[in-house]
Amino acid sequence: MSVISRAVPSISRSYATAATGAAKHKVVVIGGGAGGLAAANQIFNSLKAQNASLNPGDIAIVDANKNHDYQPGWTVVGSGLAKKENFRRSLDSLIPAHIAHIPVNAAGFEPESNQVVLSDGSKVGYEYLVVAAGIQTNWNKIKGLEEALKDPNTTKVSSIYSYETADKTWDLVEGYRGGGQAIFTQPFGVIKCAGAPQKIAYMSDSYWKQQSRPISSSFITGMPTMFSVPHYSKALDAIRESKGIAGEFSTNLVEVRPADKVAVFEILAGDKKGEKIEKEYGLLHAVPPMGPLDWIKKSPLADAAGWVDVDSATLQHKKYENVFSLGDSSSLPTSKTAAAITAQTPVLTHNLTTHLLTSSLAASPATYDGYTSCPLFTGRGELLLAEFKYGLERKETFGKWIDQSKPNRLFYHLTKDVFPRAYFGQMLKGNWYGPKGVFPPQFVPT
Ligand code: UQ1
């Protein structure tokens, strides 16, 4: 989930060997986001538990970011329920002393010689590579959006998809008293946390109703439905309608003209396919399209779409057996969330450490079933907990006892109050297994 900034960093801890290209680590992890931190720690803990000889610095994290953000929190920030600073830690504070931090961004891969090329031109060698580099948010693909985001007070445009603008979303929502449509958009295509664009619509609408402000809202999405899983999509469509939020589908935001408060959409399907329509807005919540990081896309590890080309069950690279990937930068065909990473990490750890210790994946590798979850805030005090796996099949933790397609107060507090604690307290240290809590899954040979 980390967003790797492209800025050239200054080196804050000195790794002289890295600078000369001589450094070689047992395991190099690209990215200090949710996937990278969880995997680095879990691999270290697992190797230790298996009595592998392990020296400080044998596992290294490559990431120039100064900070690490709990990105699921940005919806909560945009809803006025938390301060964004609460969900930020310095990256250094999250990396234990026995794991090396190379504070430079990766810029390329040379898997034939087991090396990562860094943005300063130096190289780092590895025995095993874990790519957890995150997704690229393409702000510039919506014409005028970057301009419009600069001054939300005059343009009335914001987005929960960045640290800089998450809190401005709340300022805008709190201060908005109507006089035009409130428009909430979702782009066509793969994005991280695909439920967030509608969560912020529900949370804003819920606040305005609480304040008795007669504001009419629309949710306009490039996607053909409310959600990928038909079962939840049906439930969410009914929830949206019951709130009186208009819905428009296969309609993609392509341009913002903040001076006129006009948003331009392109129709993606049906009779009017290709047509552009203009809508005046009073408030606009925009979500840009996303995609693989440019430098990964053109690297030898990428698939045709640009994601790191791994086996969807074992998380091992399809061509290079000492390369693994998880999280947003991976090709895993599931929804990109922190919850997904809680299920991916133990599979990756098991398979990587088995390969490291025995030179093969063994006859029965651990397999990932595609588990992911989307805790959908549907209003203040209510949340719908969607949980599913490959094939868009439901895989619900509480489904035996509770109808998970109905919003619930318990899930609201679980997501708002418990998950952030589990994330910082356990998950990033490699000790959290999603629905299994602190109990690791057992991978037994079949
Ligand atoms: C989860 O483990 C987790 O990590 C801390 C989240 O944080 C973002 C989640 O949103 C979800 C859904 C899980 C899964 C855990 C349970 C108990 C369903």
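Which residue in strand 22 stands opposite Lys 389?

Reply: Happy to! Lys 389 stands opposite Glu 393 of strand 22. This is a predicted model, in which local features need pLDDT of at least 70 and side-chain atom pairs pLDDT 80 or more, while totals for chains, interfaces and linings use all residues. Residues are numbered from 1 along each chain as its sequence is written, and side-chain values use heavy atoms, without hydrogens and water.

Strand 21 (residues 382-389) and strand 22 run antiparallel and are joined by two bridges; strands are DSSP runs of E with at least two residues, helices runs of H or I with at least four, numbered from the N terminus. Pairing takes at least two DSSP bridges. The open sheet has three strands in the order 20-21-22, paired antiparallel. Strand 20 and strand 22 (393-394) are its edges, each pairing on one side only.

Now for the ligand. Around the ligand are 14 residues, the closest being Ser 373, Pro 375, Glu 387, Trp 432 and Gly 434; such a residue has a heavy atom within 4 Å. An N or O atom in the side chain of Trp 432 is 2.7 Å from a ligand oxygen. The ligand alone exposes 440 Å², of which the protein buries 95% (Shrake-Rupley, 1.4 Å probe). Strand 20 (372-379) and helix 11 (338-358) are the elements giving two or more residues to this shell, and helix 11 has the largest share, with three residues.

Note on methods
Polar contact = N/O pair within 3.5 Å; in protein donor to acceptor, adjacent residues only side chain to side chain.
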